[in-house]
Amino acid sequence: MEKISEEEIKKNWPSAVEGSMEHPELGVVHYWTGEQHGKIVVRFCYDSQAEGESEKMFFIDLTKNSWELSHISTFESHNSKLKLLKIQSFKDQDELEKKYRSIIELFIKSRNSAKMF
């Protein structure tokens, strides 16, 4: 599988809002996000991230006091175009949710505090 460049992802997701946050263990985590009707799509990038994981898109449903991961997709190059393919493996999704839980929680917390102003 060929590596997908940041430029390709930005070109295919021009409406994404970029930002950064400080994670206590991982350092600076850069993110790209979009939101509509209580549903958030976000991808993360940080220095020690495993290869290919910055191409993962986390689809999050917001509830009144919490959040729930609805699914994870990944960017893949197909006929010189990028497509989002949903991860079908429950095992893979569970592992990614466990690995990214602290990052998602920090993102939601920083998002909520920014919306208060």
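User: Which residues have the most contacts inside the largest nonpolar core, and how many residues does that core have?

Analyst: The model is a predicted one, in which local features need pLDDT of at least 70 and side-chain atom pairs count only at pLDDT 80 or more, while totals for chains, interfaces and linings use all residues. Residues are numbered from 1 along each chain as its sequence is written, and side-chain values use heavy atoms, with hydrogens and water left out. The largest nonpolar core has 19 residues, and those with the most contacts inside it are Val42, Phe44, Phe58, Ile60, Tyr100, Ile104 and Phe107. A nonpolar core is a set of buried Ala, Val, Leu, Ile, Met, Phe, Trp, Tyr and Cys residues joined through side-chain atoms within 4.5 Å. S2, S3, S4, S5 and H2 each give two or more residues to this core, and H2 gives the most, with 6 residues. Helices (H or I, at least four residues) and strands (E, at least two) are DSSP runs numbered from the N terminus. Apart from this core lies another, of 10 residues, among them Ile4, Trp13, Val41 and Met57.

User: With which residues is Phe58 in contact, neighbours within four places in sequence left aside?

Analyst: Contact means heavy atoms within 4.5 Å. Phe58 meets this condition with Ile40, Val41, Val42, Phe44, Leu69, His71, Ile72, Leu96, Tyr100 and Ile104.

User: Why is Gln93 called buried?

Analyst: Buried means under 20% relative accessible area, exposed over 50%, and partly exposed in between, with a 1.4 Å probe and protein chains only. Gln93 has a relative accessible area of 13%, so it is classed as buried. Gln93 lies in helix H2 (residues 90-115). Neighbours within four places aside, its contacts are Leu69, Ser70, His71, Ile72 and Ile87. Of these, Ser70 is 23 residues from Gln93 in sequence and 9.9 Å from it in space, C-alpha to C-alpha.

User: What makes strand S4 mostly covered?

Analyst: In S4 (residues 56-62), 5 of the 7 residues are buried. For the protein as a whole, 38% of the 117 residues count as buried.

User: How do you know that S4 and S5 pair, and in which sense?

Analyst: Two strands pair if DSSP finds at least two bridges between them. S4 and S5 (residues 67-78) have 7 bridges in the antiparallel sense, so they qualify as a pair. Leu62 stands opposite Trp67 in S5, and a hairpin joins S4 to S5 through 4 residues. S3 (residues 39-45) and S4 also pair antiparallel, over 4 bridges, with Asp61 in S4 as the bridge partner of Lys39.

User: What is the order of the sheet, and why do S1 and S6 stand at its edges?

Analyst: The open sheet has 6 strands in the order S1-S2-S3-S4-S5-S6, with antiparallel pairing. S1 (17-23) and S6 (81-86) each have a single partner strand, so one side of each is left without a neighbour in the sheet. S1 is joined to S2 (residues 27-36) by 7 bridges, and Glu22 stands opposite Val28 in S2.
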